[in-house]
Amino acid sequence: MCCDRTIPLLAGFRMPPTKLPPEHHLVRNVPWGKLRKDENDPEKVIGVLGEAFKMRPVEQTLSTTWLEYFAGTRQQQIHGAIRAMRASSLDIKTKSGFAIGNVGNIAAAAAARDHSIRVLHEPVEDNKAHVAVRRWPREDMLLFELLAAEAWSELVLNNSPDIPGGAQPAPNQSAWSPPDRE
Amino acid sequence: MTSLNTAVSNRAKSYDPGPFLGALPLPSTDASVERWRAATRTLVNPTPSAIVQEVPRSEMTIAERLYDALATFKLKTAMLAAAHLDRDERSRLFKQLDSLLDVESWDSTDTVTTEASFTTLLRMVLFLGGRRPALGVTAIGNFIATWTEGDDRLTIECKPQDHVRWVLLQNLDGRRETAAGETTTKRLPDVLRPYDPFARWFPHAAN
């Protein structure tokens, strides 16, 4: 054969973004003002406000981080995701939190409110584990509150003694690969 | 016929108080005359450094804006709610505001909460009575009031002009019931009445 049949990728060519499997998880930074507090103790966090899942005016998609991108046990994956977010351009404050939700449950909750979302791995310069949730509604207070109460209610606080300090950018490669590439 | 004196005063000219200046004694020595003139010149033609200039909001740091907002909210509370909130309740509210608007915790991408939203929050809290809510903020400068009872939660966003957006999640015989809407603070008890939140959250607003 005279020619190599492999077509070299052109500069700038991008692989289509990976769609996250429904059993995987998303992590979203929740600032202090969007954490649900105890009525009698403003420093005691009891959950997440639906407002945490509302896109900020500057966001075009809902920005999150992919938990299974990181290697190790679930606890190690959570540490990896938090350290990667701390290393990104996000303004992570000491008292902020991180909400963790299952992709399938989030998509089902959105579908029940007639939103057909797409959860795509779209790495960005400062966070290779970045996930963009597309077709996310700008306004749906009931959906956001339901997510905060159920599908996206697992919360880890940034100042929790169980979470090691420090920041470390996400690795260039995901620890997870799709079944057909294994 | 009376004519109006429309002549513009000449600000460059020193002010001459004339022979009588209220009840103040007139200067008696040359030195005191000079001190008096200098003081009058400063009052009539102030130097730029003598004028207190308000810093444009866009040039203020986030810490300055949060400080100003906190001061405004506390002043507003003293003005509107002094007769309705006792000392402990005021102190509790101020603690919530201090915690929420702490510069070390504030998300720099958020708009600082507005006085218009705080006024709605305060009026709503006074109107509803009962349990005082926990507080949160939106990215666009509104306060959020929350009440939580186990898995049941009532969340109200306070918008300007007494407008509120509310979401209620509650369990009824093991089944999740949800409701949401937009109304005014005055109509809130009526709008929420089917969900019977009064026994738990606003016992004084039912009547």
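Predicted model: local features only at pLDDT ≥ 70, side-chain atom pairs only at ≥ 80, totals over all residues.
Me: Why is D114(A) called exposed?

Reply: The relative accessibility of D114(A) is 73%. Exposed means over 50%, so D114(A) counts as exposed. D114(A) is placed in the loop between α2 (103–112) and β7 (118–121) of chain A.

Me: What makes the phi of D114(A) worth a remark?

Reply: Most residues other than glycine have a negative phi. D114(A) is not a glycine, yet its phi is positive, at about 70 degrees. D173(B) is also not a glycine and has a positive phi, of about 55 degrees. D173(B) belongs to the loop between β4 (163–172) and β5 (175–184) of chain B.

Me: How do you know whether D173(B) is buried or exposed?

Reply: The value for D173(B) is 78% relative accessibility. The cut-off for exposed is over 50%, and therefore D173(B) counts as exposed.

Me: Why is the contact between R131(B) and E39(A) called a salt bridge?

Reply: The closest N and O atoms of R131(B) and E39(A) are 2.7 Å apart. A salt bridge requires a side-chain nitrogen of Lys or Arg within 4 Å of a carboxyl oxygen of Asp or Glu, so this pair qualifies. R131(B) lies in the loop between α4 (115–128) and β1 (134–137) of chain B, and E39(A) in the loop between β3 (35–38) and β4 (41–48) of chain A, so the pair joins two chains.

Me: Why is K76(B) said to form a salt bridge with E115(B)?

Reply: The closest N and O atoms of K76(B) and E115(B) are 3.3 Å apart, and the rule asks for a distance within 4 Å. K76(B) lies in helix α2 and E115(B) in helix α4 of chain B, so the pair ties together parts that are 39 residues apart in sequence. K76(B) is buried, with a relative accessible area of 17%, whereas E115(B), at 38%, counts as partly exposed. Elsewhere, salt bridges that share partners join K54(A), E139(A), E157(B) and R165(B) into one network.

Me: What makes L75(B), M79(B) and L80(B) a nonpolar patch?

Reply: Members of a patch need over 30% relative accessible area and no salt bridge, and nonpolar side chains are joined within 5 Å. L75(B), M79(B) and L80(B) form such a patch on the surface, with about 330 Å² of accessible area together. M79(B), found in helix α2 (residues 62–81) of chain B, has 62% relative accessibility and counts as exposed.

Me: How is the lining of the second largest pocket divided by class?

Reply: Six lining residues are nonpolar, 11 are polar and seven are charged. The pocket has a volume of about 450 Å³ and is lined by 24 residues, including R56(A) and E59(A).

Definitions and conventions: Residues numbered from 1 in each chain as written. Chains lettered and ligands numbered in written order. Heavy atoms only, no water. Helix = DSSP H or I, 4+ residues; strand = E, 2+ residues; numbered from the N terminus. Buried < 20%, exposed > 50% of the residue type's maximum accessible area, 1.4 Å probe, protein only. Patch = residues over 30% accessible without salt bridge, like charges linked within 9 Å, V, L, I, M, F, W, Y side chains within 5 Å. Areas by Shrake-Rupley, 256 points an atom, 1.4 Å probe, with all protein chains shown as cover. 1 Å grid on protein atoms, 1.4 Å probe; cavity = no way out; pocket = protein on both sides within 12 Å on 5 of 7 lines; lining within 4 Å. Points joined across faces, edges and corners; volume = space filled by probe spheres on them. Nonpolar A, V, L, I, M, F, W, Y, C, P; charged D, E, K, R; others polar.
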